[in-house]
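Reader: Please show me the structure. I would then like to ask about its confidence, its contacts and a few individual residues.

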Amino acid sequence: MQTQLKINGTEHDLDHDPRVSLLDALRNHLNLTGTKKGCDHGQCGACTVLLNGRRINSCLTLACMHDGDEITTIEGIGTPEELSPLQTAFIEHDGFQCGYCTPGQICSATAMLEEARQGWPSHVTVDVTTSPELTDTEIAERMSGNLCRCSAYPNIVDAIRQAAGKSA
Amino acid sequence: MRTFEYSRAADPGEAARFAHEGATIIAGGTNLLDLMKLEVMAPDRLIDINRLDLKWIESTQDGGLRIGTLVSNSDLAADMRVREGWPVLSKALLSGATGQLRNKATTGGNLLQRTRCYYFYDTDMPCNKREPGSGCAALGGFNRIHAILGTSDQCIATHPSDMAVAMRTLDAKVEILSNEEGVRMIDLGDLYRLPGDTPHIETTLKPGEMITHVILPPPLEGRQIYRKVRDRASYAFALVSIAAAVDVQDGKIATAKLAFGGVGPCPWRMPQVENLLTGQTPSAHLWEKATDLLLEDATGQGSNDFKIPLLRRTLAAVMDEATRGDGK
């Protein structure tokens with residue numbers, strides 16, 4: 001079947017089996033291998049991309065469901081020459097070891113900071129009618145969909161805190 | 001994954017018609033696609049309803065809310081009307097899944113998600129829910145996450161939703177579009193069926209019926225709490241959860257609405273427990289009496305025996321918090 005996806009600002013026409021996940025479309029059909037396949041069941045967050053600006057697990061959705069949608073992958077967040085503030089912060093704080101979860105962490109954190117800017121509460125927000133400060137506890141809760149097997153969590157939280165401060 | 005035909009519904013009527021012909025409705029897909037990858041579910045035909053105009057939260061004339069079935073769990077949790085008037089719903093939603101999943105998961109899909117029983121997911125094991133008549137491997141197996149209320153000798157699976165537990169406390173109604181009968185409205189409590197001898201039939205929805213909205217009555221007086229007890233601090237299903245809306249007037253409980261997650265095959269509610277609490281002065285003894293009644297028919301299955309004392313303690317903690325001070 002035919003699907004048109006706008007990925008990082010460029011339109012791509014796909015001819016594919018309906019079973020192809022958005023993740024497999026990115027990696028296997030479009031060679032955008034920055035997005036990683038971890039568990040393939042929505043549990044690890046390595047495949048996180050932005051769908052019309054919102055973070056999702058690209059493994060748990062079908063490419064055909066996204067005809068005309070705008071997808072942002074790690075390749076669209078920054079380049080080696082022009083890093084995003086989060087990417088810079090991850091390097092400065094050593095927010096990784098093996099790096100496999102990092103594209104997902106950065107895509108997820110990019111959207112998470114926008115959610116926080118819009119005043120979304122989280123599970124650890126005591127009063128859900130307020131727009132909470134991004135404390136370390138808030139950052140950890142909001143990033144619980146991204147696992148890091150190297151357990152670089154403290155440095156990931158440091159990096160996100162720094163990026164949140166810069167963009168505030 | 002088995003292959004399937006895919007099409008997009010042009011309007012809700014078409015979706016209901018396709019569903020009547022045997023198609024499986026897909027919305028967020030976060031549970032369905034996972035089950036399809038494992039071939040626990042293998043629909044021949046998917047009807048995608050994501051482009052339908054059911055993404056809105058409308059205020060109703062009586063001061064309630066009408067929530068479109070495609071409203072994402074994120075949008076529902078972040079809606080300021082929900083946060084102010086029905087905070088237990090916002091809290092329950094935020095306690096479930098992850099940021100990524102809540103962005104995709106929908107209101108109707110959350111209600112209709114399947115159990116996370118390990119044996120339901122493992123196609124090498126018997127499961128009456130997945131394959132009627134094959135047996136229940138959870139009975140006598142690993143059943144730490146399983147139900148203590150409302151079970152049968154065919155199935156002891158729980159309903160995994162947090163959102164549905166809060167909605168049950170809030171007396172939510174479900175608006176259903178039927179291919180043959182038009183629109184009908186039922187109490188959320190009447191959506192679910194107990195397993196009995198037919199654990200594969202989980203709801204009262206008929207073929208060709210689709211949830212289009214969830215209706216919340218006007219906000220309740222008093223304090224609203226969602227307490228979820230689980231193995232991890234985040235991104236884990238409830239072992240036990242309680243959604244409470246409790247109003248205290250002049251030192252006595254004026255109303256107590258309580259629903260329980262992680263303990264039954266559906267969001268569990270027992271009006272007798274609420275009646276027992278109503279009009280009474282808060283006390284540890286009262287919580288004991290209420291829990292005795294709630295747990296009268298509770299049965300542990302071995303590894304989940306701990307849920308009985310856990311529910312007792314969690315209810316006491318929730319009621320203490322709900323009735324502390326002047327109830328504000």
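The questions and answers below go through the model part by part.

Reader: What ipTM and pTM does the model score, and what is the mean pLDDT of chain B?

Author: This is a predicted model, and it scores ipTM 0.98 and pTM 0.98. In chain B, 99% of the residues reach a pLDDT of 70 or more. The mean pLDDT of chain B is 97.

Reader: How much area is buried between chain B and chain A?

Author: The contact involves 42 residues of chain B and 38 residues of chain A. Carbon and sulfur atoms give 54% of the buried area. The total buried between chain B and chain A is about 3,100 Å².

Reader: Which element of chain B gives the most to the side that touches chain A?

Author: Several elements of chain B supply at least two residues each to this side, including strand 1, helix 2 (32-37) and helix 5 (87-94). Strand 3 and helix 6 (99-104) are also among them. With 5 residues, the element that gives the most is helix 6 of chain B.

Reader: Which residues of helix 1 of chain B are buried, and which strands are included in what covers them?

Author: Helix 1 of chain B spans residues 12-20, and its buried residues are B:Glu14, B:Ala15, B:Ala16, B:Phe18 and B:Ala19. What covers them includes strand 1 (5-8), strand 2 (24-26), strand 3 (45-48), strand 6 (173-178) and strand 8 (209-216) of chain B.

Reader: Which residue caps the N-terminal end of helix 1 of chain B?

Author: Helix 1 of chain B is followed by B:Gly22, which has a positive phi near 110 degrees. At the N-terminal end, a side-chain oxygen lies 3.1 Å from the backbone nitrogen of B:Gly13. That oxygen belongs to the capping residue, B:Asp11.

Reader: How is chain A divided into domains, and how much area is buried between them?

Author: The domain assignment gives domain 1 (2-74) and domain 2 (85-163) of chain A. Their contact takes 16 residues from domain 1 and 17 residues from domain 2, while the C-alpha centres of the two domains lie 22 Å apart. Carbon and sulfur atoms give 57% of the buried area, which totals about 1,300 Å².

Reader: Which element gives the most to the side of domain 1 of chain A that touches domain 2 of chain A?

Author: Between the two domains of chain A there is 1 salt bridge, and A:Glu115 and A:Arg55 meet in a salt bridge at 2.8 Å, N to O. On the side of domain 1 that touches domain 2, the elements giving two or more residues are strand 3 (48-51) and strand 4 (54-57) of chain A. With 3 residues, the element that gives the most is strand 3 of chain A.

Reader: Why does A:Gly99 count as partly exposed?

Author: A:Gly99 sits in the loop between helix 3 (85-92) and helix 4 (102-117) of chain A. Partly exposed covers the range between buried, under 20%, and exposed, over 50%. A:Gly99 therefore counts as partly exposed because its relative accessibility is 26%.

Technical notes:
Residues are numbered from 1 along each chain as its sequence is written. Chains are lettered from A and ligands numbered from 1 in the order in which they are written. This is a predicted model: local features need pLDDT of at least 70, side-chain atom pairs count only at pLDDT 80 or more; totals for chains, interfaces and linings use all residues. Side-chain values use heavy atoms; hydrogens and water are left out. Helices (H or I, at least four residues) and strands (E, at least two) are DSSP runs, numbered from the N terminus. Buried means under 20% relative accessible area, exposed over 50%, partly exposed in between (1.4 Å probe, protein chains only). pLDDT is the predictor's confidence in each residue, from 0 to 100. Domain bounds come from an automatic or database domain assignment. Contact means heavy atoms within 4.5 Å. Buried area is the accessible area (1.4 Å probe) that two parts lose on being put together, summed over both. A salt bridge is a side-chain nitrogen of Lys or Arg within 4 Å of a carboxyl oxygen of Asp or Glu. A polar contact is a pair of N or O atoms within 3.5 Å; within protein, one must be able to donate a hydrogen and the other to accept it, and residues adjacent in sequence count only if both atoms are side-chain atoms.
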